[in-house]
Amino acid sequence: MVINSKKSLQETLEIAKKEGNTIGLVPTMGALHEGHLSLINFAYSQCDRVVVSIFVNPTQFNNAADLEKYPRDLSKDAEFLKTHNPETIVFTPEIKEIYSDEVKSESFEFGNFVNFMEGEFRTGHFDGVGSVLKRLFDIVKPDKAFFGEKDYQQLRVVKKLVEITGQPVEIVGCPTSRNKFGLAQSSRNFRLSDSQLKEAELIYEALTRAKKMFSTNSVETIEKEVEQLFQAHPSFELEYFSIVKEKDLIPTKTKESEENYRAFIAAFLGEVRLIDNMALY
Ligand code: AMP
């Protein structure tokens, strides 16, 4: 079922809730793939009805060309969901339904979570993410909302968002879905050629190498190793490689035995910006 107005979505959900169903929300920007599907299946394992929103949110893009080139194919997405999960309620709002006449971000106090990595390199990105999700949570009023660890920093920011807004939704993190070569599925992969898709496996290789090295090497040695790996592949431009404490998402140069750490990468392959991350424990 594809719904594009807030009003009819709320009417549909009202009935489902009255019948005692719990509601799961999976927010997406479309160009659906196996990664999204893993979230949807996770949502079905915990909720009776699942809403998948498809909305390319303009306020979270800091780069106009990136927004313009973001892959969009609503009919293909609808077909994809019909094939895999025909019961899914697909919400495809127009920009006006979400933002009325003012397409603008609110600003949130996300603290340290947005000072580095995506927050540092994509100015205003997380305010845009927070703005759209706050609205989607208000419209759908889900019991739970599902987010991928593929965008781990976003997952943590969303948990912080609901702490700030007090919206009664449980945020559930789901593992990153990868192809058999380790490449994390992403809508941006649709913009890569076959040979670039092969090259993109370098990101996973770098992360797994970092993980293997972590217990016996310094952070600086690992950073050098990863930088060299990317230098040896000039079709890539490494934007950042960071090892951070999982607790606060602040990049670190030291290791403490009682802490958990995670490595993050953002890199351009041609014009396409790819991100990934991995727990180092
Ligand atoms: P997007 O459409 O890229 O905004 O992603 C929508 C949701 O799907 C976000 O919560 C992402 O973290 C999640 N997601 C995207 N790719 C993957 C993946 N490969 N594995 C798990 N979750 C993913």
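A residue is called buried when its relative accessible area is under 20%, exposed when that area is over 50%, and partly exposed in between, using a 1.4 Å probe and protein chains only. The model on your screen is predicted, so local features need pLDDT of at least 70 and side-chain atom pairs count only at pLDDT 80 or more, while totals for chains, interfaces and linings use all residues. Residues are numbered from 1 along each chain as its sequence is written, and side-chain values use heavy atoms, with hydrogens and water left out.

**Stop 1: two loop residues**

Select Leu 249, which you will find in the loop between strand E7 (236-245) and strand E8 (261-269); here helices (H or I, at least four residues) and strands (E, at least two) are DSSP runs, numbered from the N terminus. Leu 249 has a relative accessibility of 0% and therefore counts as buried. Its phi is near 60 degrees, a positive value in a residue other than glycine. Most residues other than glycine have a negative phi. Next select Ser 100, in the loop between helix H5 (95-99) and helix H6 (118-121), where phi is near 50 degrees and again positive in a residue other than glycine. Ser 100 counts as partly exposed because its relative accessibility is 47%.

**Stop 2: the two domains**

Colour residues 2-174 as domain 1 and residues 187-279 as domain 2, bearing in mind that such bounds come from an automatic or database domain assignment. The centres of the two domains, taken over C-alpha atoms, are separated by 26 Å. Across the boundary, 23 residues of domain 1 are in contact with 21 residues of domain 2, where contact means heavy atoms within 4.5 Å.

**Stop 3: helix H2**

Select residues 34-46, the 13 residues of helix H2, whose end C-alpha atoms are 19 Å apart, in agreement with the 18 Å that they should span at 1.5 Å a residue. That expected span is 1.5 Å times one less than the number of residues. Which residues of H2 are buried? They are Gly 35, His 36, Leu 37, Leu 39, Ile 40 and Ala 43. What covers these buried residues includes strand E2 (23-28), strand E3 (49-54), helix H4 (74-84), strand E5 (144-148) and strand E6 (170-174).

**Stop 4**

The structure holds zero disulfides, a disulfide being a pair of cysteine sulfur atoms within 2.5 Å. Cys 47 is in no disulfide, and the nearest cysteine sulfur, that of Cys 174, is 10 Å away. Cys 47 counts as buried at 5% relative accessibility, and Cys 174 is buried with a relative accessible area of 1%.

**Stop 5: an annotated site**

Finally, select Gln 60 and Gln 154, where an unreviewed UniProt entry places the feature "binding site"; such annotations may be inferred rather than shown by experiment. These positions span 95 residues in sequence, yet no two of their C-alpha atoms are more than 11.4 Å apart, so they gather at one spot.

Gln 60 lies in the loop between E3 and helix H3 (64-69), and is buried, with a relative accessible area of 9%. Not counting residues up to four places away in sequence, Gln 60 touches Met 29, Arg 122, His 125, Gly 128, Val 129 and Val 132.

Gln 154 lies in helix H8 (residues 152-165) and counts as buried at 17% relative accessibility. Leaving aside neighbours within four places in sequence, Gln 154 is in contact with Phe 126, Val 129 and Phe 147.
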